[in-house]
Amino acid sequence: VVGVVSDQTLVWTQGFGYANVAAKQAMTPATKFRMASHSKLFTATAIMLLAEDGKLSLDDPISKRLPDTPPAWKDVTIRHLLTHTSGIPSYTSLPDFAKEPRRDYTHKELIALVQELPLEFKPGERMSYDNTGYYLLGMIIESVSGKSYNDFLTERIFRPLGMTATRLNDRAAVIPQRAQGYSPLTSKQRAFY
């Protein structure tokens, strides 16, 4: 889907190809896409809104907001999570994670994937892209705001900006006009589908 904006006005938009190849559902300007890691921008914005509200400090240790974190994470701050400098291993880098890429984890299950692993480096020592850190930030948003991640983002970011079609991804939900992602599979992988 392509859009052209001129002087802050959308002047042209058009979809090309299929949103769902099997159903031959055409791509349109109303097609819903997964944001994947683009959602980190909204997570960071939500954390900054909570900091602006005085409900947290970027230099708070994450254990202040998530008391069940492992002792090895005691020096990790919210700022470390935001800047990918925590040293906490990224769950998406674990070899076994790719075996169940479509599985929905509870908070506890996802954190269990990495909580026994050593830090990859001392917090603040260097930068390494980290999905676990942003998952933890989502948990902090829920803990501090008392709302679900989706509700907080909807109330504080999406609705005020008029983003009426933006929502949290839910694999089980029927979302009209949702684009289906595809990836190449080896013949061995295809045998399991």
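1. Phe16 has a relative accessibility of 46% and therefore counts as partly exposed. The scale used here takes buried as under 20% relative accessible area, exposed as over 50%, and partly exposed as in between, with a 1.4 Å probe and protein chains only. Phe16 sits in the loop between E2 and strand E3 (18–20). Helices (H or I, at least four residues) and strands (E, at least two) are DSSP runs, numbered from the N terminus.

2. On provenance: this is a predicted model, in which local features need pLDDT of at least 70 and side-chain atom pairs count only at pLDDT 80 or more, while totals for chains, interfaces and linings use all residues. Residues are numbered from 1 along each chain as its sequence is written, and side-chain values use heavy atoms, with hydrogens and water left out.

3. Overall layout. The chain has 7 helices and 4 strands, and their order from the N terminus is β-β-β-β-α-α-α-α-α-α-α. Along the principal axes, the C-alpha atoms fill a box of roughly 50 × 50 × 30 Å. Of the 193 residues, 34% count as buried.

4. Which residues make the nonpolar surface patch? Phe16 is one of them, together with Val2, Val4, Val11 and Trp12, and the patch covers about 430 Å². Strand E1 (2–6) and strand E2 (9–14) each contribute at least two of the patch residues. Patches take in residues with over 30% relative accessible area and no salt bridge; nonpolar side chains (Val, Leu, Ile, Met, Phe, Trp, Tyr) are joined within 5 Å, and like charges within 9 Å. The areas come from the Shrake-Rupley method with a 1.4 Å probe, and for residues only the protein chains shown count as cover.

5. Backbone points to check. Most residues other than glycine have a negative phi. Lys24, which is not a glycine, has a positive phi of about 50°. Lys24 is in the loop between E3 and strand E4 (25–26), and its relative accessibility of 60% is why Lys24 counts as exposed. His84 also belongs on this list, with a positive phi near 60° in a residue other than glycine. His84 lies in the loop between helix H3 (78–82) and helix H4 (107–112). Is His84 buried or exposed? At 10% relative accessibility, His84 is classed as buried.

6. Helix packing. The axes of helix H1 (residues 39–52) and helix H5 (residues 131–145) come within 10 Å and cross at roughly 40°. Axes here are lines fitted to C-alpha atoms, for helices over the stretch in contact, and angles run from 0 to 180 degrees between N-to-C directions. H1 and H5 are therefore oblique to each other; angles under 35 degrees count as roughly parallel, over 145 as roughly antiparallel, 65 to 115 as roughly perpendicular, and the rest as oblique. The crossing of H1 and H5 is left-handed, a term for a near helix turned anticlockwise from the far one by less than a right angle.

7. Lys40 lies in helix H1 and is buried, at 12% relative accessibility. Between Lys40 and Pro123 there are 83 residues of separation in sequence and 20 Å in space, C-alpha to C-alpha.

8. How many salt bridges does a search of the whole structure find? The search gives 6, a salt bridge being a side-chain nitrogen of Lys or Arg within 4 Å of a carboxyl oxygen of Asp or Glu. One of them joins the side chains of Arg156 and Asp53, at 2.7 Å from N to O. This pair links distant parts of the chain, 103 residues apart: Arg156 is in helix H6 (residues 149–158), and Asp53 is in the loop between H1 and helix H2 (62–65). Arg156 is partly exposed at 33%, as is Asp53 at 36%.

9. Asp59 forms a salt bridge with Arg79, with 2.9 Å between the closest N and O atoms. Asp59 lies in the loop between H1 and H2 and Arg79 in helix H3, so the pair ties together parts that are 20 residues apart in sequence. Asp59 is partly exposed at 46%, and Arg79 is partly exposed at 38%.

10. Asp60, Lys64 and Arg65 are linked in a network of salt bridges. Within it, the side chains of Lys64 and Asp60 meet at 3.7 Å, N to O. Lys64 is exposed, at 53% relative accessibility, whereas Asp60 is buried, at 7%.
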